[in-house]
Amino acid sequence: MASSGPPGRCTAHPVTVGEFKEYIGSKRGIVLDIDETLSWTAGKWLKEAFEKFGNPEGLTERQFFEKYHLVQNAPKDLYPRWHAKDVVDWMNFMRMSPEMQLGIELVEGAKEGVAALHEHTSIVGYMTARPQCMNRGTYKWLRSHGFPDVPVMAKPDEVPFQEGNRWKAQALKFLEANVTAIVDDNPKVALFCDETGYAGPVFQIGQTCASGAHGIACATWSDVVREVKQWAKGAQKKI
Ligand SMILES: [Mg+2]
C-alpha cells in the first residue's frame, strides 16, 4: 500500500471510474454501495448531531432514520438549530473528515449477506457517494469487517454531495459492460439509472417499495441474497 500521494490513492486499486474500467478488463460482476448498505453511517451522524445540536423530539437514531432518513432532512420547523449556518458548515466539513468514519457500525446482516452473495456472484467493487479523499478510511473500515478486497469507486471530490446519486447512475452506465447490478439503499439511484439508461438491476436494501424501472425492493440483507440468487439463476451463469 502506498503511503503518499493524493489522498484517495492509498492502495494498489484504481481510484477513478475510468481507471476501474481499464483495471477490470473483461470481468463482470456486481458492485456494492457502502453507506446504509454496508455501514450504519447515519447512526453515527445522528448520534453526533443529537449530542452537539439537541434532540427536540427525543428520538433514537433508528426512529429518526425511519422518520426522516438522513441528518440533512430534519424539518426546519422542528430542528431549527440543525439548519443554522455553523451546523451546515460542520456537516460539510465532517463529510470530508476521516474522524467521521471511526466507529461506524454495520448494517444488520450486511457481513453475512455479502459473504453469501460472494458464493453466487462476483463482487467486483464498491461504488460510493463518499468523496475520493475519504478512501483511506473507507478501505480501513471495509477491511476491518472482512469485506471483499476489491476497488472502491468513490465520488470525485469536485462533484457536489447533492449530485452523488446522479454521478453513480452515470458511472454505472459507463461501466455497464462490466457492472451487472448494484446493491444500494438509495431509491434515487434507480431513478437516475432510468435517465442514464443503465439497465442492470438495482437491489434496494432497506426498501419495501421499488423505485425506477429496474429497482428491486429488498427490505433486509436476507432479501438481497434471495433476490440476487434468483436473478443470477435467471442469467444461467455465474456473474
Ligand atoms: Mg447508501
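Predicted model: local features only at pLDDT ≥ 70, side-chain atom pairs only at ≥ 80, totals over all residues.
Figure 1. To find one of the pairings, look for Ile205, whose bridge partner in E8 is Cys218.

**Figure 2. Six strands make an open, parallel sheet.** Follow the strands across the sheet and you will meet them in the order E5-E4-E1-E6-E7-E8. Strands in any sheet pair through backbone hydrogen bonds, in either a parallel or an antiparallel way. Here the pairing is parallel. Which strands stand at the edges? They are E5 (152-155) and E8 (215-218); each has a single partner strand, so one side of each is left without a neighbour in the sheet. From one strand to the next, the twist averages 25°.

**Figure 3. Strand E4 pairs with E1 and with E5.** With E1 (residues 29-32), the parallel pairing of E4 takes in 3 bridges. In this part of the sheet, Ile30 stands opposite Ile123 of E4. With E5, E4 forms 4 bridges, again in the parallel sense. One of the residues to look for here is Tyr126, which has Val152 in E5 as its bridge partner. Is E4 mostly buried or exposed? Because 8 of its 9 residues are buried, E4 is largely enclosed by the rest of the structure. Helix H7 (residues 164-174) also comes into this view: it lies across E4 (123-131), E5 and E6 (179-183). The angle between H7 and E4 is about 150°.

**Figure 4. Helices H5 and H9 pack together.** Two packed helices can be described by the angle and the distance between their axes. For H5 (residues 110-120) and H9 (residues 221-235), the angle is about 10° and the axes are 9 Å apart. Angles under 35 degrees count as roughly parallel, and H5 and H9 are therefore roughly parallel to each other. On the H5 side, the residues that meet H9 are Ala110, Glu112, Gly113, Ala116, Leu117 and His120. Their counterparts in H9 are Trp221, Val224, Val225, Val228, Lys229 and Ala232. By class, this contact has 8 nonpolar, 2 polar and 2 charged residues.

**Figure 5. Domain 1 touches domain 2.** In the domain assignment, domain 1 consists of 17-38 + 107-235, and domain 2 of 41-101. Taken over C-alpha atoms, the centres of the two domains are 25 Å apart. How many residues does each domain bring to the contact? Domain 1 brings 10 residues and domain 2 brings 6 residues. On the domain 1 side, helix H6 (residues 135-144) gives the most, with 4 residues. That side divides into 5 nonpolar, 2 polar and 3 charged residues.

**Figure 6. Glu36 and His69 have positive phi values without being glycines.** Glu36 has a phi near 65° and is found in the loop between E1 and strand E2 (39-40). It counts as buried because it has 20 C-beta neighbours inside 10 Å. The phi of His69 is about 75°, and this residue is found in the loop between helix H3 (61-68) and helix H4 (85-94). His69 has 15 C-beta neighbours inside 10 Å, so it counts as partly exposed.

**Figure 7. Met91 and Trp45 are 46 residues apart in sequence and 9.0 Å apart in space.** That distance runs from C-alpha to C-alpha. Met91 is found in helix H4 and counts as partly exposed because it has 16 C-beta neighbours inside 10 Å. Leaving aside neighbours within four places in sequence, Met91 is in contact with Val71 and Gln72. For a second pair, turn to Glu57 and Leu102: they are 45 residues apart in sequence, and their C-alpha atoms are 26 Å apart in space. Glu57 is found in the loop between helix H2 (41-53) and H3. With 13 C-beta neighbours inside 10 Å, Glu57 counts as partly exposed.

Conventions: Residues numbered from 1 in each chain as written. Pairing = 2+ DSSP bridges. Helix = DSSP H or I, 4+ residues; strand = E, 2+ residues; numbered from the N terminus. Axes fitted to C-alpha atoms, helices over the stretch in contact; angles between N-to-C directions. Contact = placed C-beta atoms within 7 Å. Parallel < 35°, antiparallel > 145°, perpendicular 65-115°, else oblique. Nonpolar A, V, L, I, M, F, W, Y, C, P; charged D, E, K, R; others polar. Domains from an automatic or database assignment. Buried ≥ 20, exposed ≤ 12 C-beta atoms within 10 Å, placed from the backbone.
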